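Biologist: I would like to learn how to read a protein model. Please take me through it feature by feature.

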Amino acid sequence: GGLAPGATADLDKEQVLGVLEAVWRRGDLNLERALYSHANAVTNKYCGGGVYYRGLVEFSNICQNDCSYCGIRNNQKDVWRYTMPEEEVVEVAKWALENGIRNIMLQGGELKTEQRLEYLERCVRAIREQTTKLDLEMRARAASTTTAEAAAAAQADAESKPGQEPELGVVVSLSVGELPMEQYQRLFRAGARRYLIRIETSNPDLYAALHPEPMSWHTRVECLRNLKKAGYMLGTGVMVGLPGQTLHDLAGDVMFFRDIKADMIGMGPFITQPGTPATDKWTALYPNANKNSHMKSMFDLTTAMNALVRITMGNVNISATTALQAIIPTGREIALERGANVVMPILTPTQYRESYQLYEGKPCITDTAVQCRRCLDMRLHSVGKTSAAGVWGDPASFLHPI
Ligand code: SAM
């Protein structure tokens, strides 16, 4: 209460915890309504009802880690392992550009090998080169000029915005896990500009319980810091409802995002996946749980977290994650009205989707990229939002790295 419309608030951990407790108990519906409507006002202040797309390309499910919740962890049985050919990854990026999606995220399991790094470097370089060329051709066609004239116009436009790269082609984000600083730098030089790596939980003990050694919470934090130093726009996030997680932990997560100065936050409910140790743990902890109503509570907690991050941090990108849609079919739209401003249409070619099953009930497994793109436009429309134009896909006040 008492906040001017659209104003941010520097909430402390106790205040965040108080709101989460109220949402968890469902004891104060007026508070929930006020929380979501204020978060939406802050979102609209920075994003003006515009929603940014990041097309997700799940390029490989081969992973050396063994995160205990994940359906593509190293020790998960009966998973057909794949890595998309580079040309196919580039084709998806070109398709994205032609369909108005100017940001793509290459996401995959984690491999620290030189071979994987070189594959990623080649993918990022080829995407930047080929989508820049395609962009110039598209601009030339639209303005009935030559591509050289289109390039000159783009250059002039860039010069009017000091400190920013010429806005051409598709912006590449990566989500490929913990790598040494030197590899982050090489991928930045190849042309990647954003990086997403969830901290998964800000509680180091809970992190240790879910990630067998040699993974460690401190290494992960170090990676987040290195990514910022390397010049990336940084995305991070957590899962909500992990076995053993408390509301206290979640309040700490909000403070963690603020302190690490994340540019993008993505949060999703933890969803069970048969054959994973975390799911066994969850089942042992809640043997009599009514799964549907439990998941509905996790949905509300996740969107409350989005709203609290929006109110606390103001000008950040917050993603309405696919896992929300796994609980409620219109879950992402609801999230867009509770603080989120980014959606990530899955562009992975259909033949691979079934093998990138992180959790049970992952939506859109049999869809094509065309269906995902169209479906999202309709979904945005249903909550009075539109897909925002602009190359980078950030609120106007963001400054982009060179
Ligand atoms: N390997 C990269 C990494 O760890 O950052 C990117 C791929 S990883 C599969 C992407 C995200 O999937 C993880 O950060 C995790 O939060 C999420 N995820 C994995 N298993 C999940 C589950 N059972 N429920 C919800 N989200 C899950």
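This is a predicted model: local features need pLDDT of at least 70, side-chain atom pairs count only at pLDDT 80 or more; totals for chains, interfaces and linings use all residues.

Modeller: Residues are numbered from 1 along each chain as its sequence is written.

Biologist: What radius of gyration does the protein chain have?

Modeller: The radius is taken over C-alpha atoms, and the globule rule is 2.2 Å times the number of residues to the power 0.38. With 402 residues, that rule gives a value near 21 Å; the protein chain has 21 Å, so it agrees with a compact globule. Its C-alpha atoms fill a box of roughly 65 × 50 × 40 Å along the principal axes.

Biologist: How much of the protein chain counts as buried?

Modeller: Count C-beta atoms, placed from the backbone: 20 or more others within 10 Å means buried, 12 or fewer exposed, in between partly exposed. Here 46% of the 402 residues are buried.

Biologist: Which residues touch the most other members of the largest nonpolar core?

Modeller: In soluble globular proteins, nonpolar side chains tend to be buried together. A nonpolar core joins buried Ala, Val, Leu, Ile, Met, Phe, Trp, Tyr and Cys residues through C-beta atoms within 7 Å. The largest one has 111 residues, and Ile104 and Leu308 touch the most other members. Helix α11 (residues 291-313) gives the most, 11 residues. Helices (H or I, at least four residues) and strands (E, at least two) are DSSP runs, numbered from the N terminus.

Biologist: What does leucine 308 contact beyond its sequence neighbours?

Modeller: A contact means C-beta atoms, placed from the backbone, within 7 Å. Leaving aside neighbours within four places, leucine 308 contacts Leu11, Val16, Val19 and Val254.

Biologist: In which sense do β1 and β11 pair?

Modeller: Pairing requires at least two DSSP bridges. Strand β1 (residues 50-53) pairs with β11 (residues 386-387) in the parallel sense over two bridges. Glycine 50 has threonine 386 as its bridge partner. Two bridges also join β1 to β10 (residues 342-343), again parallel. There, tyrosine 53 stands opposite valine 343.

Biologist: Which residues come nearest the ligand?

Modeller: Near means a C-beta atom, placed from the backbone, within 6 Å. Of the 20 residues around the ligand, Cys70, Gly177, Arg198, Ile271 and Tyr359 come nearest.

Biologist: Is arginine 81 buried or partly exposed?

Modeller: Arginine 81 has 13 C-beta neighbours inside 10 Å, so it counts as partly exposed. It is found in the loop between β2 (55-60) and α3 (86-98).

Note on methods. Two residues are in contact if their C-beta atoms, placed from the backbone, lie within 7 Å.
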